[in-house]
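Colleague: Before we discuss this chain, could you put the sequence and the structure side by side, and then take me through the fold one question at a time?

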Amino acid sequence: MSGSTSWVRRFLFEGLDIRGALVRLDDVWQALQAGRDYPPEVARVLGQMCAVSTIIAGNLKQPGRLTFQIHGDGPLHLLVVDCPESLNLRAMAKVDGPIQGEALTQLVGAGRMQLSLEMPSMREPYRSLVPLEGDSVAEVFEHYLTQSEQQPAALWLACDGEAACGLFLQKLPGADARDADGWDRVQHLASTVRPDELLGLDAEPLLVRLFNEEDVRLFAPREVSHDWPRDPQKVEDMLRSLGRDELDDILDEHGEVVVHDDLGNHTYRFEPDDIDALFDDDGDDDAPPTLH
């Protein structure tokens, strides 16, 4: 790994046909929050969504992009997590109104989750609407994974200002034939995990603490990143598509044009001279306007 403190690690219970994964987002989670000032309740939900989305994206078998969106009529009315198979994570939340309560249903209100999966082999993205069944991110995804893959799954998630972490278990088709009590036993052991242990322990000591009498094979970590540099050309093209009249109206009202890339967490500011340069046919194409 390149020094990132964010990773996902798969593991397997030898002889039980039960698989699992641990995810830890440290530097990536801190970068995703930078300058956002999310309420703590919103940040916790977003961090938990990032953790579980990373686990699921890490299981993609070919190049692709997985996006989860939660829409609702509550104060947390939009939440988006975007993660390709390379585990280069983006995420954002939009809040409108006072926060009252910590449960997912209290934050989102009447809502739904949309899963989108894009792959080069697909003519168009696959989309699926998922009901928000449960009061927590873990409960929603346990239900989704169990229904979509027809195998029981269990999740434990924790998030604070420094890290977002998760523990995932899934029963494979042959588990009962290998050990009729295995799934219940492993689930019970995993349920003893505390949030401070998820947030504070590395993968190996955590698995030893939880499953010290089980034979567990831990695989090498895969790095998770948040590497989405600024893309001024894309923003300039978008502004040109709006037209000069609309941009002049914005300048008249605000004195500048401000564009915020929510998923990439970049802000672009255009002064009147910058807008002039965008529409100056005689200007030097190799000299982009100054961005502040």
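Modeller: Here is the predicted model, and its secondary structure comes to eleven helices and 13 strands. Along its principal axes, the C-alpha trace of the chain spans about 75 × 40 × 40 Å.

Colleague: What share of the 292 residues in the chain is buried?

Modeller: A residue counts as buried here when its relative accessible area is under 20%. Taken over the 292 residues of the chain, the buried share is 44%.

Colleague: Which strands stand at the edges of the open sheet of five strands?

Modeller: The open sheet has antiparallel pairing, and its strands follow the order E5-E4-E3-E6-E7. At each end of that order a strand has a single partner, so one of its sides is left without a neighbour in the sheet. The edge strands are therefore E5 (90-95) and E7 (126-131).

Colleague: Which residue of E7 stands opposite Arg 112?

Modeller: Strand E6, which covers residues 111-118, pairs with E7 in the antiparallel sense over six bridges. Opposite Arg 112, the residue that stands in E7 is Pro 131.

Colleague: What angle does the direction of helix H2 make with that of E4?

Modeller: Neighbouring strands of this sheet are turned by 10° against each other on average, with direction ignored. Helix H2 (residues 40-57) packs on the sheet and touches strand E3 (65-72), strand E4 (76-84), E5 and E6. Its direction and that of E4 make an angle of about 30°.

Colleague: At what angle to E6 does helix H4 run?

Modeller: Helix H4, formed by residues 137-149, lies across E3, E6 and E7.

Colleague: Turning to another part of the chain, which residue in the turn between E1 and E2 has a positive phi?

Modeller: Strand E1 (residues 7-13) pairs with E2 in the antiparallel sense over seven bridges, and Phe 11 has Gly 20 in E2 as its bridge partner. The two strands form a hairpin with four residues between them. In that turn, the residue with a positive phi, of about 85°, is Gly 15.

Colleague: Which residue of E9 stands opposite Arg 24?

Modeller: E2 is mostly covered, with seven of its eight residues buried. Eight bridges join E2 to E9, and these strands run antiparallel. Standing opposite Arg 24 in E9 is Cys 165.

Colleague: Which element gives the most to the lining of the largest cavity?

Modeller: The count comes to one cavity of 30 Å³ or more, and about 60 Å³ of space lies in the largest cavity. Its lining residues include Trp 7, Leu 22, Val 23, Arg 24, Cys 165 and Gly 166, and by class the lining has eight nonpolar, one polar and one charged residues. Strand E2 (18-25), strand E9 (164-171) and helix H8 (203-210) each supply at least two residues of this lining. With three residues, the element that gives the most is E2.

Colleague: How many of the seven residues of strand E8 are buried?

Modeller: Both faces of E8 are covered, with Ala 153, Leu 155, Leu 157 and Cys 159 buried on one side and Ala 154, Trp 156 and Ala 158 buried on the other. The strand, residues 153-159, is thus largely enclosed by the rest of the structure, and the number of its seven residues that are buried is seven.

Colleague: Which residue of E9 stands opposite Leu 157?

Modeller: A hairpin joins E8 to E9 through four residues, and the two strands run antiparallel, joined by seven bridges. In E9, the residue that stands opposite Leu 157 is Gly 166.

Colleague: Is Leu 87 buried or exposed?

Modeller: Leu 87 has its place in the loop between E4 and E5, and its phi, near 65°, is a positive value in a residue other than glycine. With a relative accessible area of 0%, Leu 87 is buried.

Notes. Residues are numbered from 1 along each chain as its sequence is written. This is a predicted model: local features need pLDDT of at least 70, side-chain atom pairs count only at pLDDT 80 or more; totals for chains, interfaces and linings use all residues. Side-chain values use heavy atoms; hydrogens and water are left out. Two strands pair if DSSP finds at least two bridges between them. Axes are lines fitted to C-alpha atoms, for helices over the stretch in contact, and angles run from 0 to 180 degrees between N-to-C directions. Contact means heavy atoms within 4.5 Å. On a 1 Å grid over the protein atoms alone, a cavity is a set of points where a 1.4 Å probe fits but cannot get out, and a pocket is an open set with protein on both sides within 12 Å along at least five of seven lines; lining residues have an atom within 4 Å of a point. Grid points are joined across faces, edges and corners, and a volume is the space filled by probe spheres set on the points. Ala, Val, Leu, Ile, Met, Phe, Trp, Tyr, Cys and Pro count as nonpolar, Asp, Glu, Lys and Arg as charged, and the others, Gly among them, as polar. Buried means under 20% relative accessible area, exposed over 50%, partly exposed in between (1.4 Å probe, protein chains only).
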